[in-house]
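Subject: Model for you to look at

Hi,

Here is the structure I promised to pass on. Please open it alongside this message, and my notes follow below.

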Amino acid sequence: MTDTTATDTTATVALPDLGTPRAQLLLSVADDELISGHRASHWTGVAPSLEEDLAFSTIAQDEINHADVWYQLLLGEDHPDVRAGVDALGLGRAPEDYRHAILCEHAPRDFAYTLARHWAYDRFDVVRLAALADSSDAAVAAVATKLLHEERYHLEHADHWFARLAGGGDEARQRLRTALAEVLPEALGLFEPFAGEADAVAAGLLRVPSSELRTRWAQIVGAMLDDAGLGDLLPGADAEVPLAAAGGRAGRHTEDFTRDVWPEMTALYRAFPGARW
């Protein structure tokens, strides 16, 4: 049986106040990247081709590295033990303390679902990074600008597969349609506001609210879906987040996270708290 017992392994590691608007903003970004990276790593060794095995392995490394960078920014330059702090943030929290969207935590299901999620998420990630690159916090803006450059490779990969399946044979196109019909409503959970978002926007940490990010994302993916003859799949502007995909920014997660991703990725950290490897 999977061990889902949370161990307070952060108790001996000094962490900043995680309840501030800035901390909640950075946790939502970092946790999206960390969990997306873990799910991408699923395809290491089992992808349908060696090329995609390498691609998703690289994407997994990139996303987990991006999470590491955001956690470091949250800790601050003066933290006495950055590596211990990053591990405490990434691996030492209880499941309900993670702020990623539920879309990120779902099992990969089949390759079509993975590609549809990859496309929807990375299109969102670029929109969010572009907004963060204009942050009033110079450190946040600098990191976002740097990662925006790196993320373009993920976007090229995602767009390539979107076009390839949309323009492929009947089976490829139908499998993409089926996957997008699942993913796009769930993707609305990416735009749920994080705790303290109004204060973060007022301070210019994030120049626009999540609702505006959703509008920008919908304009981009909507145009691509229309061009591919799949425009009917985009949720309407007033569509609400499906209940099953709602609450991630507030710490509500499904068993895909609490009984699968979280126990697996934190097992060694919880088994040997404070260990140096």
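Predicted model: local features only at pLDDT ≥ 70, side-chain atom pairs only at ≥ 80, totals over all residues.

Residues are numbered from 1 along each chain as its sequence is written, and side-chain values use heavy atoms, with hydrogens and water left out.

Back to Arg 109, which lies in the loop between α4 (102-105) and α5. (Helices are DSSP runs of H or I with at least four residues, numbered from the N terminus.) Arg 109 has a positive phi of about 55°, although it is not a glycine. Its relative accessible area is 40%, so Arg 109 is partly exposed (buried means under 20%, exposed over 50%, and partly exposed in between, with a 1.4 Å probe and protein chains only).

Pro 108 is in that loop between α4 and α5 too, but is buried at 3% relative accessibility. Setting aside neighbours within four places in sequence, Pro 108 is in contact with Arg 39, His 42, Trp 43, Tyr 113, Thr 114 and Arg 117 (contact means heavy atoms within 4.5 Å). Pro 108 and Ser 41 are 67 residues apart in sequence, and their C-alpha atoms are 9.9 Å apart in space.

Now the aromatic pairs. Rings of Phe, Tyr and Trp (its six-membered ring) pair if their centres lie within 6.5 Å; planes under 30 degrees apart are stacked, over 60 edge-to-face, and the rest tilted. By this rule the count comes to eight aromatic pairs. Trp 119 and Phe 162 are stacked, at 4.2 Å centre to centre and 10° between the planes. This pair links distant parts of the chain, with Trp 119 in helix α5 (residues 111-132) and Phe 162 in helix α6 (residues 138-166), 43 residues apart. Trp 119 is buried at a relative accessible area of 1%, and Phe 162 is buried at 6%.

Phe 191 and Trp 217 form a tilted pair, with 5.2 Å between centres and 50° between planes. Phe 191 comes from the loop between α7 (170-187) and α8 (197-202), and Trp 217 from helix α9 (residues 210-227), 26 residues apart. Phe 191 is buried at 6% relative accessibility, and Trp 217 is buried at 1%. Ring pairs also link Trp 43, Phe 56, Phe 111 and Trp 161 into a cluster.

Finally, some helix packing. Axes are lines fitted to C-alpha atoms, for helices over the stretch in contact, with angles from 0 to 180 degrees between N-to-C directions. The axes of α1 (residues 21-40) and α2 come within 7 Å and cross at roughly 160°. That makes α1 roughly antiparallel to α2 (under 35 degrees is roughly parallel, over 145 roughly antiparallel, 65 to 115 roughly perpendicular, and the rest oblique). Residues in this contact include Leu 26 and Leu 34 of α1 and Phe 56 and Trp 70 of α2.

Happy exploring!

How values were computed: Helix = DSSP H or I, 4+ residues; strand = E, 2+ residues; numbered from the N terminus.
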